[in-house]
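Open the model in your viewer and keep the selection tool at hand. We will go stop by stop.

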Amino acid sequence: MRICGTAWAYGDHVDTDAIIPARYLMTSDPHELASHCMEDIDKSFAGGVHPGDVLLAGENFGCGSSREHAPLAIQAAGIGCVVAASFARIFFRNALNIGLPVLVCPSAAREAETGQRMEVDLETGAIANRTLRTTHQAEPYPPFMLNLIAAGGWIEYTRRRLQAGEFNRSRTGH
Amino acid sequence: MKQTLAEKLIASHAVVNGRRLTPDERSTLGADRFVEVEVDLVLANDITAPIAMREFAKLGVASVFDPRAVVFVADHFTPNKDIASAEHCALMRRFAVEQGLTHYYDVGRAGIEHVLLPEEGLVAPGDVVVGADSHTCTYGALGAFATGMGSTDIAVAMATGIVWMRVPRTIRVEFTGERQRWVGGKDLILRAIGELGVDGARYQALEFAGAVIDALPISGRFTMANMAIEAGAKAGLFCVDRITDSYLEGRTHRDRPGGELRADPDAVYESTLHLDVSDLDPQVALPHLPENVRSVGEVGEVSIDQVVIGSCTNGRLEDLREAAAILRGRRVHPGVRCIVLPGSQRVMLEATREGLIETFVLAGAAVSTPTCGPCLGGHMGVLASGERAVSTTNRNFRGRMGHPQSEVYLSGPAVAAASAVAGRIASPEEVLS
């Protein structure tokens, strides 16, 4: 799958309070969350983002809270893929779990500026900055995560295994 | 193979094809391996449970894997701050009743989740605990592998009792020297985060050790484990000793697993950080990252509008005692609003019996029922544009406690109380002299 769109570029340590401030967590509706996405650090984002745009950031993107509202807001805003120099652990899991593509690629993330034209091939991890005419290769996913993605995410993967009776759900101990 | 505490704890819960690992397989499970893990306890709160319940419904099972092992706590926007949060809490309450959850905690019988769960004896050494709250790592203080995850992971854990994990590498943080008066767990962990940086332990576990840690009371250990996530860590772990045992006595109803709950002496660490605390003063983290750490004396003249004492980081009885020791017989500065939030109903009761609540009220502080409210800018103490707070909470990101143009300085309870009296960031010594 290819993602083509405009770059939205940010710095290091973009935290989950910046992605979606806690004052909006009284809802879990993705579209309502999207309307406030990034507003404390970039008021133009929520109104200006188009489907297929690419969010790029520096180190430790998504640090802080475990709120799944953060990747949900980014996904519902229309972002097709997040490329960062590195991701905070919980955000990375959450994004994978809900099917928001996340790629680790420091070189692409560092040179990008908001407004540039980006193209990302999710299968190969090839990232092209059409404005700068540069290409980059994202880090490959470990095989374990590839299996999860291929199965359609953690919920779908688990649902099939539950149907097949794979889990021992009658544990005791408490 | 010699193992870290993280490796041992995960190995003891890892499953392959529905069975636990054999002793041989356990002893060779090392960092970077991907494994599925059986969890002892699954936690969610009023912000994260509604999404977890939505995802749970997609899994096609009627019930949670064990109604005694799924814990819901209404603590973030409670007592309900508005209609929307009331609706969330109502959804959560309905699910808890339908599923017959043994441990559903609501207003008046609850507290802040990470103060409450250990207090209720729900976490035992050796456990694996996952929670849809990033500060779930608090339970590492008891020698449990505890980590925060998102609502989807928690939904799967609620249905199956299983999560996947990559076994983390470990950074050992060793504290030596003589801890000075007014230097507590908060100051130790802030200092460590200052050294590591907010992503210095990303994807890794922290293991706290050294003579200072061996003597540190359990409340200080909870504070330190709580903030492991602020260095990006997956867990913040303490080995189990007589301080752990004496905290657990009469609290936990579960047996401790056999074997020593400590790292092997020659386990392999990613790195080791040595910190001598003999000259360490109380610490303050400046806006807008927990790694911007300085000694209180180096902060300079910073006037403040609000002080918050409480939270899952510093809302325990020992924290309130420390704040009261400074506020007793003194008055909160006229320009400051000081808000004290005991971490649980039990902390509130004990603080009342000890006269701490009276001390706070006489000093001119507001005392609130337990809630996470102000820590995340939710309610009960939101900051206006340009306002500054000193807070014993765990995050000082831009806009964390309110307006994006407000500022949060993180400290322990002693500096927070001293600052409330002085009207500016101040050390306890300045106020007491």
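This is a predicted model: local features need pLDDT of at least 70, side-chain atom pairs count only at pLDDT 80 or more; totals for chains, interfaces and linings use all residues.

**Stop 1: chain A as a whole.** Select chain A and show its C-alpha atoms. They fill a box of roughly 55 × 40 × 25 Å along the principal axes. Switch to cartoon: there are eight helices and seven strands in chain A. Of its 174 residues, 49% are buried. Take the contacts in chain A with a separation of 6 or more: 67% of them join residues 24 or more positions apart.

**Stop 2: around A:Val82.** Select A:Val82 and look beyond its neighbours within four places in sequence. A:Val82 is in contact with A:Leu55, A:Phe61, A:Ile74, A:Ala95, A:Leu100 and A:Val102.

**Stop 3: the core.** A:Val82 also belongs to the largest nonpolar core, which has 208 residues. Now select residues 413-422 of chain B. This is helix α15, and it gives the core seven residues, the largest share. In soluble globular proteins, nonpolar side chains tend to be buried together.

**Stop 4: where the chains touch.** Show both chains. The contact takes 43 residues from chain A and 53 from chain B. On the chain A side, colour α1 (16-19), α5 (89-98) and α8 (154-163); these are the elements that give two or more residues to it. Colour by residue type to finish: that side divides into 15 nonpolar, 15 polar and 13 charged residues.

Technical notes: Residues are numbered from 1 along each chain as its sequence is written. Chains are lettered from A and ligands numbered from 1 in the order in which they are written. A nonpolar core is a set of buried Ala, Val, Leu, Ile, Met, Phe, Trp, Tyr and Cys residues joined through C-beta atoms within 7 Å. A residue is buried if 20 or more other C-beta atoms lie within 10 Å of its own, exposed if 12 or fewer, and partly exposed in between; C-beta atoms are placed from the backbone. Helices (H or I, at least four residues) and strands (E, at least two) are DSSP runs, numbered from the N terminus. Two residues are in contact if their C-beta atoms, placed from the backbone, lie within 7 Å. Ala, Val, Leu, Ile, Met, Phe, Trp, Tyr, Cys and Pro count as nonpolar, Asp, Glu, Lys and Arg as charged, and the others, Gly among them, as polar.
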